[in-house]
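Student: Can we go through the charged pairs here and check the labels against their cut-offs?

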Amino acid sequence: MANVNAGVLGTGHAYPEGILTNADLEKMVDTSDEWITKRVGIKQRRKAAPGEYTSLFAVRAARQAIERARIDPSEIDLLLCATVTPDQILPSTGCLIQAELGANNAAAMDIVAACSGFLYGLTLADTMIRTGQSRCALVIGAEILTQYVDYTDRSTCVIFGDGAGAAILGPVEAERGILAARIKSDGRFAEQLYSPGGGTRVPPTAETIATGQHFFKMKGNELFKVAVRSMTEISRDVLEEAGVTADDVSLFIPHQANQRITDAVASKLGVDDARVYSNIAMHGNTSSASIPIALDECVEAGRIKPNDLVLLASFGGGATWGGVLLRW
Ligand code: UT7
């Protein structure tokens with residue numbers, strides 16, 4: 001198929017009802033609403049209840065996206081679920097979502113790229129659609145991060161939240177949809193944000209669980225600068241590839257890691273506050289779910305109009321980063 005781009009045809013999002021506020025955290029660790037608000041910008045985050053699992057919210061988000069795209073699940077031929085908190089090791093959460101949706105004609109799989117997972121998914125779906133390998137892709141970012149958070153470690157427990165977001169992509173005319181997409185990683189940063197136990201290197205035992213080796217460990221301070229640099233560079237790359245400038249961007253939706261990271265990247269790019277979307281105060285950092293949740297909130301609020309240029313940028317554990325530029 002010649003001269004088609006991959007466009008977003010429908011979006012959706014879902015999250016648990018449970019809310020963990022800064023006041024709740026003040027009772028659990030030595031922190032304060034003032035510190036969290038000033039240093040990160042978070043006021044509350046969603047927290048799954050016992051028995052709630054990743055695909056539960058992924059399926060809800062996907063159903064919304066499917067309905068809004070006015071497609072039948074049987075039309076989906078590619079299903080990519082970005083997550084670092086899968087329902088189980090085997091099979092993929094993508095396959096579990098596939099069965100739940102009845103998307104029986106899809107090839108389903110998971111993408112493990114932390115906070116950049118959704119943009120990794122968009123980039124792969126874009127290539128598959130432009131080459132004619134796929135005509136209808138479902139890309140999801142879904143996480144229950146709070147199950148991997150150590151609620152005695154104040155440097156991580158104030159940050160992460162749960163949720164899911166989804167998008168249906170299909171062929172659109174070449175001037176619209178994804179104009180440029182780029183993904184990158186650097187494994188030398190692996191131990192800046194990681195979960196040491198629970199895999200084949202440190203298999204799960206009563207001892208690894210008791211010593212919290214399955215919990216996320218983060219050297220947030222060291223990642224901060226890399227995040228700002230990488231997101232800025234990759235945003236410039238996709239803008240340049242599409243032959244536009246930051247002035248042309250209608251809306252910038254970055255991964256919601258830290259309000260200070262968002263502000264620094266936007267300022268370096270020259271995108272003023274009015275064109276930057278932030279929901280970190282309400283959701284915290286939901287890793288791969290953060291961009292699709294934010295995207296759907298913008299669609300629901302009417303903040304994206306046809307022809308708008310939307311810039312997405314992410315950075316996460318791995319390290320991984322990505323940039324996607326869309327003409328809506
Ligand atoms: O999702 C994508 C990948 N992740 C990132 O991109 C994360 C990037 N990093 C960050 O967002 C920030 O580094 C954090 C929010 C994680 C931490 O903020 P920071 O301003 O970099 O704090 P810091 O780690 O440099 O710590 C400064 C101080 C320390 O105290 P001392 O040693 O100066 O006395 C920490 O112990 O703040 C202390 N601190 C806290 N104080 C109150 C750390 N966490 C807390 C807390 N409440 N929750």
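This is a predicted model: local features need pLDDT of at least 70, side-chain atom pairs count only at pLDDT 80 or more; totals for chains, interfaces and linings use all residues.

Student: What makes Arg 68 and Asp 296 a salt bridge?

Tutor: The cut-off is a Lys or Arg side-chain nitrogen within 4 Å of an Asp or Glu carboxyl oxygen. Arg 68 and Asp 296 come in at 2.7 Å, N to O, so the pair qualifies. Arg 68 sits in helix H3 and Asp 296 in helix H11, 228 residues apart.

Student: Why is Asp 296 called buried?

Tutor: Buried means under 20% relative accessible area. Asp 296 has 0%, so the label holds.

Student: Which other residue meets Arg 68 in a salt bridge?

Tutor: Glu 300 does, at 2.8 Å from N to O. Glu 300 lies in helix H11 and Arg 68 in helix H3, so this pair ties together parts 232 residues apart in sequence. Glu 300, at 45%, is partly exposed.

Student: How do you know that Arg 188 is exposed?

Tutor: Exposed needs over 50%, and Arg 188 has 75%. Its salt-bridge partner is Asp 186, with the closest N and O atoms 2.8 Å apart. Asp 186 is at 15% relative accessibility, so that one counts as buried.

Student: What joins Arg 68, Asp 296 and Glu 300 into one network?

Tutor: Salt bridges that share partners. The whole structure has nine salt bridges.

Technical notes. Residues are numbered from 1 along each chain as its sequence is written. Side-chain values use heavy atoms; hydrogens and water are left out. Helices (H or I, at least four residues) and strands (E, at least two) are DSSP runs, numbered from the N terminus. Buried means under 20% relative accessible area, exposed over 50%, partly exposed in between (1.4 Å probe, protein chains only).
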